Amino acid sequence: MDNEDEPKCTRAEERYRNLNAAGNISRHHQHGIDDSSDVFEDDSILSRLLLNFSVGPQLSPQGDTTDPPSDLLSNVPVILPPYAHTTRLSSIPPCAVSKRSSNAFEATSPSLRRGELFEVDLNHGTVGRVGHAMISVKDDLYCVCGFQLQQHLSNSIIMKFNWKQRQWDPVVLKEGANKLKRTGASVVCYMNRYLICFGGFMLHWGAAHTNDLLIVDLEELRVHQIKSFQQPLPHPRDKHTAVIHNDHMYVFGGWGSQIQDDPSFACAGPEKEDDLRVRCGWTNTLFSLDLSPIKEWDGVTPLHLKWQKEDPSGMVPLPRAAHSAVVYKDSMVVFGGRTKPCRTNEFRCLDLTAMHWEAPWQMQGDHLPARSWHCATFVPPQYMFIQGGLDENRIVLCDTYIVDLETRYITQLPNHGFNTWHACAFVDPYVYYFGGSEESSPHDQIHHKLFRCNVFNPSLQDLCIGFLLNLEDEDFEDLKPYIPENLLITIQHRRATSIGPQSLEPANTEGT
């Protein structure tokens, strides 16, 4: 009997060691998981993990839990021989392994519904913000700038999310922190080390828009105010966007003080000496900044950077502010924002190589209403996540969308909470967003909660990784030698940013 079983064990172990099939499993973003029979018949490491370590409830194509087909399970060998050299797992009966792993599988359930929103149970509360930026750097999540209700001032504290403790920790900067007191600034990351902060509105020092440039060195923990520029400089502004492409930062649009006799500026109203707001307006100027000198910078010697005012061809968008922008391939895709006539739901695409604006995109799928002051972020490999904002009547929105930038197809996700002037970032495989307000006057009712959204139906790979994340550390270490390197990198990344299901609560979306 032992001789009869031995070939099966050898084949099973070989499946674990020859794991080239695992890297070929694609994420089925649009349609979720394929037919459940395909899941069980797949000969990859991932399906074997589910079968042999989680012989429990599985997902049907509709997202419901169903028991595994008995006829399929009967043909699947129980793969315990790879652990025969260990005393811990080899001594556990198959039913015990199944039971333990079934619990681990069920622990992934909070993330299984596409678009469902969860509130992260923070260990320590934090002060809410509006007009801030959220940046993902490697496995870290940062919150920069913004306005906080308690101080009625812009916030100079950079917060970094502590995944293990589930709390926002202040980043203690050695110098220059006060320079970050501003709202509506743009913040981008360069070289996975530097946060490049441009513009914004400062509620102190004269309460004015600015066009200064700050570089936050996340390794040296210093803020550098860069003053060595070559003309022309961008006009002072806030509520603009900035993206990075090929070592250049591109700044588009925004709201600032009036520029006389400039067709790129749309004034909000006739000049009045007693009303600052109507002497401001929107711009559609585009500036680029070459960041490549930072690569050779020692952080001490003066840094010389050069702004360039771009003059793209094509159908230039109307001046706007409070819009969003992401980079996709060699293009900058701009969505929404407030123009002088109204808020808009246009998608505009700028080819950053040819410097050419395309005509407004013709979108397919669900209708995405006009808005400004929403949050948006790029979700690899080709998507844009959009949530909340203000509609044309200054009513705070709660709707949520995922946009396929390749097919130009809009899919509406379940409604989230009412929110505006919040910020979001993508940390694989979730979108996180924080702050904002549920009032049209965003300095009221400021949110202090952190939310997590799974924007796609989970693939087989996602389910298996979710299961592995909930294994005991010792069991996971035993399994590591049998996991392909490319998959192991993904798993280790997600372990570093994992939030256990016991720390997630379905968000209250009542009334949405």
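This is a predicted model: local features need pLDDT of at least 70, side-chain atom pairs count only at pLDDT 80 or more; totals for chains, interfaces and linings use all residues.
Me: What does buried mean for a residue?

Reply: Buried means a relative accessible area under 20%.

Me: How many helices and strands does the chain have?

Reply: There are nine helices and 37 strands. Among contacts with a separation of 6 or more, 60% are between residues 24 or more positions apart.

Me: How do I read a sheet?

Reply: Strands of a sheet pair through backbone hydrogen bonds, either parallel or antiparallel. One case here is an open sheet of five strands, in the order E29-E33-E32-E31-E30, and its pairing is mixed. Strand E29 (364-365) and strand E30 (375-379) are the edge strands, each pairing on one side only.

Me: In which sense do E29 and E33 pair?

Reply: E29 pairs with strand E33 (residues 409-413) in the parallel sense, over two bridges. Gln 364 has Tyr 409 of E33 as its bridge partner.

Me: How much space lies in the largest pocket, and which residues are closest to its centre?

Reply: The largest pocket holds about 1,200 Å³ of space. It is lined by 44 residues, and those closest to the centre are Met 134, Ile 135, Val 187, Ala 242 and Thr 377. The elements that give two or more residues to the lining are strand E4 (133-137), strand E10 (186-190), strand E17 (241-245), strand E25 (324-328), E30 and strand E34 (423-427).

Me: Is Asp 217 buried or exposed?

Reply: Asp 217, in strand E14 (residues 213-217), has a relative accessible area of 4%, so this residue is buried.

Me: What does Asp 217 contact?

Reply: Leaving aside neighbours within four places in sequence, Asp 217 is in contact with Arg 193, Tyr 194 and Arg 222. A polar contact of 2.8 Å joins its side chain to that of Arg 193. A polar atom of the Asp 217 side chain also lies 2.9 Å from the backbone nitrogen of Glu 219.

Definitions and conventions: Residues are numbered from 1 along each chain as its sequence is written. Side-chain values use heavy atoms; hydrogens and water are left out. Two strands pair if DSSP finds at least two bridges between them. Helices (H or I, at least four residues) and strands (E, at least two) are DSSP runs, numbered from the N terminus. On a 1 Å grid over the protein atoms alone, a cavity is a set of points where a 1.4 Å probe fits but cannot get out, and a pocket is an open set with protein on both sides within 12 Å along at least five of seven lines; lining residues have an atom within 4 Å of a point. Grid points are joined across faces, edges and corners, and a volume is the space filled by probe spheres set on the points. Buried means under 20% relative accessible area, exposed over 50%, partly exposed in between (1.4 Å probe, protein chains only). A polar contact is a pair of N or O atoms within 3.5 Å; within protein, one must be able to donate a hydrogen and the other to accept it, and residues adjacent in sequence count only if both atoms are side-chain atoms. Contact means heavy atoms within 4.5 Å.
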